[in-house]
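The entries follow the structure.

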Amino acid sequence: MLRHLLAAAGMLAVLTAITGAAYPLAVTGAAQALFPERANGSIVERDGEPVGSELLAQSFTGPGYFHPRPSAVDYDAADSGGSNLGPSSPELLDGVEERAETYREENGLAAGAEVPVDAVTASGSGLDPHISPANARIQADRVAQARGLDRAEVLELVEQATDGRALGVLGEEGVNVLKLNLALDEAAG
Amino acid sequence: MSIEGWLQFLLLVAVVLATAPPLGRYIARVYGDERTAPGDRVLLPVERAVYRICRVDPDREQHWTGYALAVLAFTAVSFGFLYALLRLQGALPLNPLDLPGVEPRIAFNTAVSFATNTNWQTYAGEAVMSPLSQMAGLGVQNFVSAAAGMAVMAAFIRGLARRGTATLGNFWVDLVRGTLRILLPMSFLMALFLVGQGTVQNFAGKTVVTTVEGAEQLIPGGAAASQIAIKQLGTNGGGFFDANSAHPFENATALGNFVETWSILVIPFALAFAFGHLVNDRRQGRAAFGIMIGVWAAMSIAAMVLESAGNPLLTALGVDQSASALQSGGSMEGKEVRFGPAASGLWAASTTGTSNGSVNAMHDSFTPLGGGTALLHMLFGEVSPGGVGVGLNGLLIMAILAVFIAGLMVGRTPEYLGKKIGATEIKLVMLYLLAMPAVVLGFSAVSAVSDGALSSLGNGGPHGLSEILYAYASTANNNGSAFGGLDSTTWWYAVTAGPAMLAGRFFLIIPVLAVAGALGRKKPAPASAGTLPTHTPLFGGMVVGVVVITAGLTFFPALALGPVVEHLSL
């Protein structure tokens, strides 16, 4: 057994050097050379100042901005995760009901009107950068009104901030909230 | 489910069918007895140097006992090293955030978890693990625990294929070749692809930004892509971030998600073809592949359809879960918009069929039967297609059981690949078969009646029982995913998960090697008219029957009290 343990220690040391040091360093070198912007977190800048990552949701609460999906970690990117509430959890159902009411109020929908599911459920990461186009269309009225813009103009920006399905079939369409809100600010001058 | 949902499923099947056979042929050459494989000119000298440094004689073959001891020694040393590294990370370099040492129970749990290829995650990566711990600790185990699983598979196949020899190969050689020739090159390419999609790969700590509305946000950094590539290819699953593959910095796009799903499946499926080549009967490999993909497809479609249908309790609250041109609809709690319910269901079935614990959506928030599908898929013993190496081992054990049962029915001595299956082999098969359910049901039963364990639950009622069952199904099958509402950091769960994971790993590996040792010594009997062919759809159906009936009889009562009751109560 001692012979095996010595061989094991040697193997672990050598394989650690290869897979735990050389490999991640080689990947980092190649990644920084090929895709520096993505390797460093797809940071979005405005006027030369970083304002967030294109891939991570941040909190938006003002009526003139589109709002991201609910977050179980309060959009804290130093953390991540979902609510982990089960499908029949009373806490989940109360939370959804409350969010649906707030969403209807904020967006001028009739009491009991149907709301898009992504607008009232917490995402898996807590940092989902997207909302569904259905959700964006409902919010567009509120945003247009708050900013004094044409609804058509806002919908045009929504269209531009929409990421389609990859290869036409993979995943789902989503509207990138941060990109959309930055475009709105720009349009407003 | 939407048309696009079906199309992405079919596209995945097509890509697997196109890539698994050639990869299987290559893998067969890596583990084959001829010891010649592409890349020898570069890699042979490297391998020889490794053997020299470690004072291992690559030409010295091991009996099953020697092979098993080598696996055990390697796991023990890996556990010890990883535990020490995690405990001491506060005093070690490459710790830009000055994180303290990981607390004992979490370090114990994590060290067992990664050394056994489970990757059950009791820690939040971004908040607890230093870059050194991630790279030199967790990242390394992602490679070597996967390579160890494949090595045991290679040894098992040698036992089936060889005639009248007592040795099964050399563990150290199989470990090194699997790492350097299969996992490392594939991971490198995969990591770069992931960075192109948006996965981070840097050594910066956190970047602080001021958001558009003026709040402060910490953008995390780290060498994520290099670790995530091997986390998927090695059917590991321990996330770099707490949200695992739901985190946009791990899994940024739907295309990346699709390729990652493929990378989780391709090696386990390819190993079926490698098996066919190594036993010199490619029909056997195709039969194993057929069984694996049949069960996987059924479970995938079930999970995708169930999640796309949504949660009826939310419909009652005025929530629109229907699919349309403007939204995916479906059960979206715990899911990401870019994936939607179809790609999330497909991922859930693919990971629970492969002992890969990564999640791109929170399983705890799945619909009762959607989450139940993931749970049941693990309880099948993870053979569809199973973790790298261990999945094929599990399937071949079930095939041996199937020939035994068929032999009983027609009154003939059972044979598999010409080797007579005797009492010794069947006893070892039963040991494997009973260990996992005993661990899952035993620990779950105790947890269900002890106050300490119950206070860790995130959800009450039948869903609470599902959380407990899922925790032990996941650890005892070395899967690693979780119903995350359960607080796995408490003493009870952190500590009991340890023996569950060890049992899951070694009650497979040791019986498998013992069976291989026993079969390797036997001379094959010539096939006769009475021999049961093991490459036909009929036999494939029998193996699926054995898998489903064994799991069904064992777990149906428990599942009825968890997911099924919850579904009926909606």
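Which residues form a nonpolar patch on the surface? The model is predicted, so I kept to its rules: local features need pLDDT of at least 70, side-chain atom pairs count only at pLDDT 80 or more, and totals for chains, interfaces and linings use all residues. Residues are numbered from 1 along each chain as its sequence is written, chains are lettered from A in the order written, and side-chain values use heavy atoms, without hydrogens and water.

Entry, patch. I found A:Met1, A:Leu2, A:Leu5, A:Leu6, B:Leu69 and B:Leu72, with about 540 Å² of accessible area together. A patch takes residues with over 30% relative accessible area and no salt bridge, nonpolar side chains being joined within 5 Å. Helix 1 (2-34) of chain A and helix 3 (64-88) of chain B each supply at least two of its residues. Helix 1 of chain A gives the largest share, 3 residues. I noted A:Leu5 as partly exposed, with a relative accessible area of 31%.

Entry, cavities. I counted 8 cavities of 30 Å³ or more. A cavity is a set of points on a 1 Å grid where a 1.4 Å probe fits but cannot get out, and lining residues have an atom within 4 Å of a point.

Entry, second largest cavity. I read about 60 Å³ of space there. Helix 10 of chain B gives the most to the lining, 4 residues.

Terms used
Patches are made of residues with over 30% relative accessible area and no salt bridge: like charges are joined within 9 Å, nonpolar side chains (Val, Leu, Ile, Met, Phe, Trp, Tyr) within 5 Å. Accessible areas come from the Shrake-Rupley method with a 1.4 Å probe; for residues, only the protein chains shown count as cover. A salt bridge is a side-chain nitrogen of Lys or Arg within 4 Å of a carboxyl oxygen of Asp or Glu. Buried means under 20% relative accessible area, exposed over 50%, partly exposed in between (1.4 Å probe, protein chains only). On a 1 Å grid over the protein atoms alone, a cavity is a set of points where a 1.4 Å probe fits but cannot get out, and a pocket is an open set with protein on both sides within 12 Å along at least five of seven lines; lining residues have an atom within 4 Å of a point. Grid points are joined across faces, edges and corners, and a volume is the space filled by probe spheres set on the points.
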